[in-house]
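Good morning, and thank you for making time for this item.

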Amino acid sequence: MTISIPDDILHQFAPADQVLDIRLCKFGHINGTYVIRTRSPEGERQFVLQRINHHVFRDPETLMSNIMRVTTFLRQKIMQEGGDPERETLTLIPTREGRLYLTTPDGDYWRGYRFIEGARSYMQAERPEQLYQAARAFGRFLRRLDDFPAEELHETIPDFHHTPKRFQALMQAVEADPLNRAHEVRDLIALAQARVDKLGWIADALKRGELPQRVTHNDTKFNNVLIDDVTGEGVCVVDLDTVMPGTSLYDFGDFVNTATSTGAEDERDLARVNLNLDFFEAIARGFLHETRDALTSLEKEWLPLSGWLITFELAMRFLTDHINGDRYFRIHRPNHNLDRARSKFKLAAEMEAHQDDMARIVARYC
Ligand code: ADP
Ligand code: GN1
Ligand code: MG
């Protein structure tokens with residue numbers, strides 16, 4: 001399929017006559033990501049062009065200001081540590097007019113990033129070592145932002161990981177039931193209702209000030225880390241739209257959620273969806289390698305359960321979107337969000353059954 005992007009958009013980031021080809025990157029569920037290859041007198045190069053989903057991110061301007069501040073801060077930190085700021089953090093490419101992003105007359109928002117060469121992301125891990133490296137990258141991201149004033153960042157999606165509010169949103173969807181889908185998913189709704197008392201512990205502890213507020217990534221999916229082709233290290237954390245105040249438990253929990261299943265996120269054969277404890281161990285080892293000295297004892301104590309909570313939360317989010325008519329997550333087939341929800345509820349059940357194993361593993365690396 002030939003992809004075309006209007007010249008007036010491309011032109012803001014590269015002269016249109018230098019564009020060799022455009023590839024669509026299919027990894028994400030939210031934004032539209034394209035890799036543009038160009039040829040100029042200086043040679044061939046690539047850059048990333050992204051259309052920000054402004055239905056999901058309602059205030060792109062403050063979002064972009066978060067990203068600018070965080071990447072500038074990271075660049076300094078990386079240089080102090082003797083690292084390579086061109087590869088270890090994202091770099092925004094300003095528009096020809098010197099802006100951080102482009103707004104089109106139809107109300108779309110576009111931004112450019114330097115392409116990080118010699119690295120790529122993967123949908124699913126093949127070996128525990130890859131997860132160890134990716135977990136280290138997310139842990140390093142958290143550690144490097146330890147002294148960034150979290151309260152100065154905007155909340156790009158309010159209450160993003162507020163699990164009880166995610167439950168309420170599910171109940172509202174069931175109540176409204178615009179496509180008459182709720183009766184087909186009664187079993188899943190009942191699963192969520194049966195655990196309503198177990199959903200608030202992180203939100204409540206944050207409110208009471210028992211957990212430190214940190215700058216967190218909040219979307220720590222395995223494919224949001226670029227893995228170096230040669231060294232295998234997690235070289236750069238990408239997808240910074242949800243970087244905002246949060247807790248380390250969101251980032252650890254979400255990574256466990258996206259990376260420990262033996263099946264795909266949308267696997268229909270639930271017999272294939274089990275918890276891979278070797279993968280979990282690699283994640284705990286990598287994350288704690290970077291964050292052990294920074295985390296409080298309560299954060300460490302709750303790490304094992306955070307995986308369950310964020311998995312359960314995502315299961316409810318997929319189910320909510322299915323009932324609402326697939327308005328949030330991009331789908332590629334009918335009932336896609338329902339398949340994702342079933343797979344996530346199964347993974348969460350596996351985590352419930354293996355809590356003791358997970359706690360034993362985390363304790364080994366604390
Ligand atoms: P989404 O919000 O849709 O998930 P991402 O920002 O995660 O979008 O981008 C989608 C994919 O594009 C990433 O998983 C990664 O593989 C790739 N990617 C993003 N930014 C870069 C970059 N600067 N260099 C190389 N690859 C990138
Ligand atoms: C979305 O954008 P992407 O694909 O990296 C979602 C995450 C979910 C994830 C599930 C902003 O992430 O919260 O965990 O899908 N991002 C947003 O695959 O909602
Ligand atoms: Mg992504």
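I will speak about the domains, the boundary between them, and then a few selected residues.

First, the conventions. This is a predicted model, in which local features need pLDDT of at least 70 and side-chain atom pairs count only at pLDDT 80 or more, while totals for chains, interfaces and linings use all residues. Residues are numbered from 1 along each chain as its sequence is written, chains are lettered from A and ligands numbered from 1 in the order in which they are written, and side-chain values use heavy atoms, with hydrogens and water left out.

Let me begin with the domains. The protein chain is divided into domain 1, residues 7-117, and domain 2, residues 128-365; these bounds come from an automatic or database domain assignment. Taken over C-alpha atoms, the centres of domain 1 and domain 2 are separated by 26 Å. Domain 1 contributes 27 residues to the contact and domain 2 contributes 30 residues, where contact means heavy atoms within 4.5 Å.

How much area is buried between domain 1 and domain 2? The figure is about 2,800 Å², and carbon and sulfur atoms give 56% of that. Buried area here is the accessible area, with a 1.4 Å probe, that two parts lose on being put together, summed over both. On the side of domain 1, the residues that lose the most area to domain 2 are His29, Asn66 and Arg69, together 24% of what that side buries.

Seven salt bridges are counted between domain 1 and domain 2; a salt bridge is a side-chain nitrogen of Lys or Arg within 4 Å of a carboxyl oxygen of Asp or Glu. Side chains of opposite charge can pair when their charged atoms come close. Arg69 and Glu152 meet in a salt bridge through their side chains, at 2.9 Å from N to O. There are also 16 residue pairs in polar contact between domain 1 and domain 2, both residues being at pLDDT 80 or more. A polar contact is a pair of N or O atoms within 3.5 Å; within protein, one must be able to donate a hydrogen and the other to accept it, and residues adjacent in sequence count only if both atoms are side-chain atoms.

Which elements give two or more residues to the side of domain 1 that touches domain 2? They are helix H2 (60-80) and helix H3 (85-88). Helices (H or I, at least four residues) and strands (E, at least two) are DSSP runs, numbered from the N terminus. H2 gives the most to that side, with twelve residues.

Next, some individual salt bridges. Asp147 pairs with Lys77, with the closest N and O atoms 2.5 Å apart. Asp147 lies in the loop between helix H4 (128-144) and helix H5 (163-176) and Lys77 in helix H2, so this pair ties together parts that are 70 residues apart in sequence. Asp147 is exposed at 51% relative accessibility, whereas Lys77 is buried at 15%. For these classes, buried means under 20% relative accessible area, exposed over 50%, and partly exposed in between, with a 1.4 Å probe and protein chains only.

Glu81 forms a salt bridge with Arg144, the closest N and O atoms being 3.0 Å apart. Glu81 is in the loop between H2 and H3 and Arg144 is in helix H4, so parts 63 residues apart in sequence are tied together. Glu81 is partly exposed, at 39%, and Arg144 is buried, at 8%. Both residues belong to a network of salt bridges that links Glu81, Glu88, Arg136, Arg140, Arg143, Arg144 and Glu290.

A further salt bridge joins Arg195 and Glu352, with the closest N and O atoms 2.7 Å apart. Arg195 sits in the loop between helix H6 (186-194) and helix H7 (201-207), and Glu352 in helix H11, 157 residues apart.

Finally, is Arg340 buried or exposed? Arg340, in helix H11 (residues 336-353), is buried, with a relative accessible area of 1%. Its side chain reaches the backbone oxygen of Arg330 at 3.0 Å. Not counting residues up to four places away in sequence, Arg340 touches His29, Glu265, Asp266, Phe318, Phe329, Arg330, Ile331 and His332.
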